[in-house]
Amino acid sequence: HWEKATGQTINADLAGNLKTLRARCAYEASNNPIVEGMIHSHATDIVGRDGPTLDVLSESEEFNEAVESLWRDWWNPGPLSGLPKPDIAGLLSGPDLLRQCVWLWWTKGEHVVQLTSETESPRDQVALRIQSIDPDRLDTDPQYAGDPRVALGVRRTQAGRPVQYYVTDLNEFGPFAMIGYEYTAYPADEIIHQFEAVEPGQVRGIPWLSSSLQTIAELRDYDKQVLDAARAAAALGVVWWTIHPDAQYYEINETTDVERNKQWTGPPGWQPTLIDPKQPAAQYVEFRTERLRELGRGRSIPLMKILLGSERHNFASARMDNQNYQRACEAIQSWTERLTLNRLLATFLRELILLTRNNRFVLPPRPDKIPVQWHWPTQPHVDPLKEANAQRIRLENGTLSFASACADEGTDEDRVIASRARSAKKLATAGLPPVPTAQPAAGPRIEDDGMDDDESAGEPDERAIADNG
C-alpha cells in the first residue's frame, strides 16, 4: 500500500508525476458527468452570476465612485457599452475568467495569468489586458535544466521568491495551436500564478481532483462489475433442476431453446427455475453515495452538492452541510482576492491614475490610503424567510452594510439605488404611493418557538406567524 511513498520533497514528486496527474484529472473532468457537474457547480457557487463587485472605501467619495465605475466597465462591460473585455482575445469577461480558473484548479492545480496590454486600445481607455496561459505551457527551458534556481519552469531566488517564468510558445498549425519548443522568459511582475501551497517551498500546484482519482477508478470498476453481473444473471434465463431419484439423466451442458408465448414440457422429473439477477444489490446506492462523498471532501463539498439532490437530508442537516460548504467557498474567495484580484486592481489603478480624457485626468486626486473590499454573491439560503429577517436585523443594528446586502443578492448598491430612484420617479409621476422601504414595526417576525428545524422540516413557523397577525 505504501510502495509509492518516496519521502521526496513535494517539488520532486510533482516533477515526476504532475503531467500524468493533470492528464488523468482532465480526462475525468471531461468524461465523468458527476465530476464535470461538481466542478461547474463549485465554480458557480464561488463566482456567482456576475462575480465579485468592488467597493472602494477611501475618504474621497468622488474618487471611490470613479474607480468603482471604471473597474466595473473594464472587468465586466455591459453588452451595449461597446467596451472591450479584459481577456486579450476579447472573448471572456472577468467573471468568465474566474470560472475558468476554478476549472483549472481542479484539473491543473493552478492558474497562470500574464498581465499584458492591448496595443490598439484607444488612448483614453485602459489598455491592461489578461492573457490566460495553459499551466502545461509553464515548463523548464532545457537550457536551464541543471540550474538549481529553476524548478518546474520557475526561476526563484535563494529565499524562494519567483523572478522568472518560462513559458513555451505556441506553434500555429492550421486551426490548431500546438505547444512548441521555444521558450519565453516572463518577469514575475507580469505573471499572476495562483496555486495552493500545501508545503513550504512548493513551486507548482497539485490538481484538486488528484486525491479522488483512485476513488473514481474504483467506482467505475464497481459499476462495470455490477452491470456485468446483472447482465450475466439475466442472460441465464431458465435453469432446470431436480431432486427426484428416478429422473432421467440429463447432460449438464445441454441446452433447450424456449420460445416466448408457448408452453413446453421438460424432461421427466426436472423442474424449471427462473434466475433472479438480484443486481444491483440492496446496498448498492448507499455504498456508491458514500464513495461519491469522497470526491468533494477535500474542498468541503457536501454530498447533496455533488449529486444535486437533498432527498436524504432533513432541513437541519442540509443547512449544516451548506453552512460548512459556504465557509469553504468564502475561504477560496478570500484567497483569490489576495493572490489575483488585488494584484489586478493594483495594476489597473496604476494605469488609471495616468489616464487622461480631453486633456484632463480621469480620476480625481488620489487619497493617501485606498482601502477596498470585495463583495461576492452568496448562495441562496435554505429558508429565505428566516434569512431575510436576519438580514433585516443586521441592517437595523448596523452590522451589515447596504453594499454587502446588495452583493448577497448578486448586484451592487449603485445599481440598486439607481433602480429605486427610477422606480420612485415613475410612481410619483403616475400618482401612486412609493414602494415601502422598511418593515413596519407591527409586521410579522419569525421568533424562536423552541422547535428544532427537524420538526419544522424547513416550513415557516405557522404559530409564530399567527401570533403576529
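Is Asp 73 buried, partly exposed or exposed? I looked this up before anything else. Asp 73 is partly exposed, at 31% relative accessible area. I noted the cut-offs: buried is under 20% relative accessible area, exposed is over 50%, and partly exposed is in between, with a 1.4 Å probe and protein chains only.

**Ground rules.** I am working with a predicted model, where local features need pLDDT of at least 70, side-chain atom pairs count only at pLDDT 80 or more, and totals for chains, interfaces and linings use all residues. Residues are numbered from 1 along each chain as its sequence is written, and side-chain values use heavy atoms, with hydrogens and water left out.

**Overall.** I found 13 helices and 13 strands in the protein. Both are DSSP runs numbered from the N terminus: helices are H or I with at least four residues, strands are E with at least two. The protein has 469 residues, and 36% of them are buried. I then turned to contacts, meaning heavy atoms within 4.5 Å. Among those between residues at least 6 apart in sequence, 67% join residues at least 24 apart.

**Back to Asp 73.** I placed Asp 73 in helix α3, residues 61–75. Lys 85 is 12 residues away along the chain, and the two C-alpha atoms are separated by 8.8 Å.

**Helices α1 and α2.** How do the axes of α1 and α2 cross? I read an angle of roughly 95° for α1 (residues 10–31) and α2 (residues 33–47), with the axes coming within 5 Å. The axes are lines fitted to C-alpha atoms, for helices over the stretch in contact, and angles run from 0 to 180 degrees between N-to-C directions. The two helices are therefore roughly perpendicular. That word covers 65 to 115 degrees; under 35 is roughly parallel, over 145 roughly antiparallel, and the rest oblique. On the α1 side I listed Glu 28, Ala 29 and Asn 31, which meet Pro 33, Val 35, Glu 36 and Ile 39 of α2.

Ala 26 also sits in α1. Ala 26 is partly exposed, at 27% relative accessibility. From Ala 26 to Glu 36 I count 10 residues in sequence and 9.7 Å in space, C-alpha to C-alpha.

**Nonpolar cores.** I looked for sets of buried Ala, Val, Leu, Ile, Met, Phe, Trp, Tyr and Cys residues joined through side-chain atoms within 4.5 Å. The largest core holds 53 residues. Trp 71, Trp 74, Trp 75, Trp 106, Phe 348, Leu 352 and Leu 363 touch the most other members. Helix α8 (residues 315–353) gives the most to this core, 10 residues. Apart from it lies another core of 15 residues, including Leu 14 and Ile 133.

**Cysteines.** How many disulfides does a search of the whole structure find? I got 0. The test is a pair of cysteine sulfur atoms within 2.5 Å. Cys 101 is buried at 7% relative accessible area, and Cys 406 is buried at 6%.

**Positive phi.** Most residues other than glycine have a negative phi. I noted Leu 152, with phi near 55°, in the loop between β4 (150–151) and β5 (154–156). Leu 152 is buried, at 15%. I also noted Asn 359, with phi near 65°, in the loop between β11 (356–357) and β12 (360–361). Asn 359 is exposed, at 80%.
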